Amino acid sequence: DQQVKQNSPSLSVQEGRISILNCDYTNSMFDYFLWYKKYPAEGPTFLISISSIKDKNEDGRFTVFLNKSAKHLSLHIVPSQPGDSAVYFCAANRVSGGDMRFGAGTRLTVKP
Amino acid sequence: NAGVMQNPRHLVRRRGQEARLRCSPMKGHSHVYWYRQLPEEGLKFMVYLQKENIIDESGMPKERFSAEFPKEGPSILRIQQVVRGDSAAYFCASSSMGGELFFGEGSRLTVL
């Protein structure tokens with residue numbers, strides 16, 4: 001069962017423009033959402049998170065938006081840089097604990 | 001740097017052999033997760049363990065795969081009688097209660 005979905009396998013943007021990565025989830029019990037970034041041959045690294053009591057969390061160039069009614073979240077990167085090129089995984093969990101579920105990932109390519 | 005340690009980083013096995021992958025969580029973390037990433041695919045949840053307990057193994061194949069997290073020592077993911085389709089990157093992650101996951105660098109299994 002795919003409880004977390006990233007429907008875009010890839011995204012290509014120009015350096016300096018905005019990158020928007022999308023994620024949908026089906027389990028209404030999820031209340032904690034995260035984005036991970038993964039370079040080839042490395043483990044995923046935590047990027048940014050948001051709990052369900054908020055609808056926006058910002059950290060530098062990265063902003064995550066949460067729309068609970070639509071069960072949708074998105075990651076905005078602005079301005080995009082070539083070093084942002086990686087696979088981005090959306091994940092969802094419950095603050096009370098439990099296994100974290102990941103989307104299939106979106107490969108972002110930022111062109112110079 | 002007491003991050004999540006996985007070994008071996010690379011493992012080659014012939015069909016029918018056994019593969020054992022080890023994971024030492026970050027210091028202070030009592031929750032361990034195993035994920036599998038098949039080529040060109042996302043992270044698939046396999047199993048979630050706490051010390052001496054399997055909490056959720058809904059992502060584990062019913063046969064040949066097992067996992068443990070003993071009171072002492074690392075978590076072990078064991079694959080018996082490996083087949084070519086088991087070739088993948090296996091990632092371990094650890095967390096404290098409800099927190100974000102910290103991933104190891106992965107163990108890449110190749111079955112000849």
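This is a predicted model: local features need pLDDT of at least 70, side-chain atom pairs count only at pLDDT 80 or more; totals for chains, interfaces and linings use all residues.
Local features need pLDDT of at least 70 and side-chain atom pairs count only at pLDDT 80 or more, while totals for chains, interfaces and linings use all residues. Residues are numbered from 1 along each chain as its sequence is written, chains are lettered from A and ligands numbered from 1 in the order in which they are written, and side-chain values use heavy atoms, with hydrogens and water left out.

To begin with the sheet, chain B has an open one of 4 strands, ordered β1-β3-β8-β7 and paired antiparallel. Strands here are DSSP runs (E, at least two residues; helices are H or I, at least four), numbered from the N terminus, and two of them pair if DSSP finds at least two bridges between them. The edges are taken by β1 (5–7) and β7 (65–68) of chain B, each with a single partner strand, so one side of each is left without a neighbour in the sheet. On average, neighbouring strands are turned by 15° against each other, direction ignored (axes are lines fitted to C-alpha atoms, for helices over the stretch in contact, and angles run from 0 to 180 degrees between N-to-C directions). Within this sheet, β3 (residues 19–24) and β8 (residues 75–79) of chain B pair in the antiparallel sense over 5 bridges; B:Arg20 has B:Arg78 in β8(B) as its bridge partner.

Over in chain A, A:Lys38 sits in strand β4 (residues 32–38). A:Lys38 is buried but has no salt bridge, and the nearest side chain of opposite charge, A:Glu42, is 7.9 Å away. Buried means under 20% relative accessible area, exposed over 50% and partly exposed in between (1.4 Å probe, protein chains only); a salt bridge needs a side-chain nitrogen of Lys or Arg within 4 Å of a carboxyl oxygen of Asp or Glu. For charge, Lys and Arg count as positive and Asp and Glu as negative, with His and the chain ends not counted. The backbone oxygen of A:Glu42, however, lies 3.1 Å from a polar atom of the A:Lys38 side chain. Leaving aside residues up to four places away in sequence, A:Lys38 touches residues of both chains, including A:Phe89, B:Gln37, B:Phe91 and B:Arg108 (contact means heavy atoms within 4.5 Å).

Most residues other than glycine have a negative phi, and most peptide bonds are trans. The bond from A:Val78 to A:Pro79 is cis, with omega near -10°, and A:Pro79 is in the loop between β8 (72–77) and β9 (86–93) of chain A. A:Ala41, in the loop between β4 and β5 (45–51) of chain A, has a positive phi of about 65° and is partly exposed at 47% relative accessible area.

Methods:
A polar contact is a pair of N or O atoms within 3.5 Å; within protein, one must be able to donate a hydrogen and the other to accept it, and residues adjacent in sequence count only if both atoms are side-chain atoms.
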